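Hello,

Here is the structure for your files. My notes on its cavities and one of its helices follow below.

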Amino acid sequence: MDQPVTKRITVSTLQSAYQKGEKIAALTCYDATFALILENAGIHVLLVGDSLGNVIQGQSSTLPVTLNEMIYHVRCVGRGTRSVFILADMPFGTFQVSPQETFRNAARLMSAGAQMVKIEGGRHMAETIEFLTCRGIPVCAHIGLTPQSVHQFGGYKIQGKTTNAARQLREDALLLQEAGAAMLVMELIPAALGEEITRSLAIPTIGIGAGAVCSGQVLVLHDMLGISSGTLPRFVRNFMMGTDSIQSAVRNYVEAVKTGEFPAHEHMF
């Protein structure tokens with residue numbers, strides 16, 4: 001998907017790309033400098049993720065990230081871009097509340113410059129998603145491994161491995177689409193399940209460890225640049241290897257996503 005330099009990508013742009021079978025390349029971003037670099041390298045979606053808790057703040061999980069911190073980083077990213085689509089995570093504790101309070105929190109992210117908010121969770125979030133979308137706030141749902149529930153899962157484990165778990169994720173995806181979700185992130189699920197869910201929906205799916213048949217892919221910026229501490233997850237490829245600049249690495253990532261070269265078999269479950 002090619003975008004004009006000065007025209008902002010919108011929900012309609014992403015839906016059109018999905019309908020044409022064009023892959024969507026997304027990365028996390030937290031500041032204006034990287035936002036401009038990623039935009040110039042051809043990224044379509046910047047996810048201002050609560051992963052900033054890990055890679056920016058040095059936290060052990062995303063749970064401590066606050067709404068005010070997310071608003072600050074959304075504003076930073078917005079100042080550095082002119083055309084890329086800005087998606088913002090709703091942090092822990094800001095949407096596991098009433099739909100009315102969730103709306104107030106989401107509205108603050110939208111006012112800061114987000115074009116869509118991302119909410120973790122399955123069918124239990126359908127009512128909230130419907131409440132938001134009926135009031136003009138686009139929502140990206142997030143199923144599979146949802147990092148804010150890491151303690152409930154007992155760690156960062158592959159989801160949807162059993163027949164029952166896979167069935168629930170398929171059903172959740174359809175329910176969230178029916179509730180009004182305009183996009184769906186699927187994280188850390190078997191590639192075959194990611195393909196099955198993608199083919200069953202009429203909205204774009206963005207995979208992170210969910211196979212190659214998703215409508216697009218997203219990675220944490222620091223992971224794909226090979227600058228995260230610790231061992232990289234299996235679904236990550238270090239795109240800095242063999243390149244001489246960050247911009248070249250990001251361009252290679254965009255091209256690999258668009259052509260279907262990434263993720264390869266070794267990045268799947």
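The second largest cavity is lined by Gly207, Ile208, Gly209, Ala210, Gly211, Gln217, Val218, Leu219, Phe235, Phe262, Pro263 and His267. Strand E7 (205-208) and strand E8 (216-219) are the elements that give two or more residues to this lining. E8 has the largest share, with 3 residues. By class, the lining has 7 nonpolar, 5 polar and no charged residues. The volume is about 40 Å³. Bear in mind that this is a predicted model.

The count is 2 cavities of 30 Å³ or more. E1, E2 and E6 each give two or more residues to it. Here the classes are 9 nonpolar, no polar and no charged.

Now helix H1 (residues 11-20). Leu14, Ala17 and Tyr18 are buried there. They sit on the same side of H1 because they cover an arc of only 100 degrees around the axis. Ser12, Gln19 and Lys20, on the other side of H1, are exposed. What do the buried residues of H1 pack against? Their partners are strand E1 (24-28), strand E2 (45-48), strand E3 (85-89) and strand E6 (183-187).

Both ends of H1 have a detail to check. Thr10 caps the N-terminal end, with a side-chain oxygen 3.3 Å from the backbone nitrogen of Ser12. Gly21 follows H1 and has a positive phi, near 80 degrees.

Best wishes

How values were computed
Residues numbered from 1 in each chain as written. Predicted model: local features only at pLDDT ≥ 70, side-chain atom pairs only at ≥ 80, totals over all residues. Heavy atoms only, no water. Buried < 20%, exposed > 50% of the residue type's maximum accessible area, 1.4 Å probe, protein only. Helix = DSSP H or I, 4+ residues; strand = E, 2+ residues; numbered from the N terminus. Arc of directions from axis to C-beta. Contact = heavy atoms within 4.5 Å. Polar contact = N/O pair within 3.5 Å; in protein donor to acceptor, adjacent residues only side chain to side chain. 1 Å grid on protein atoms, 1.4 Å probe; cavity = no way out; pocket = protein on both sides within 12 Å on 5 of 7 lines; lining within 4 Å. Points joined across faces, edges and corners; volume = space filled by probe spheres on them. Nonpolar A, V, L, I, M, F, W, Y, C, P; charged D, E, K, R; others polar.
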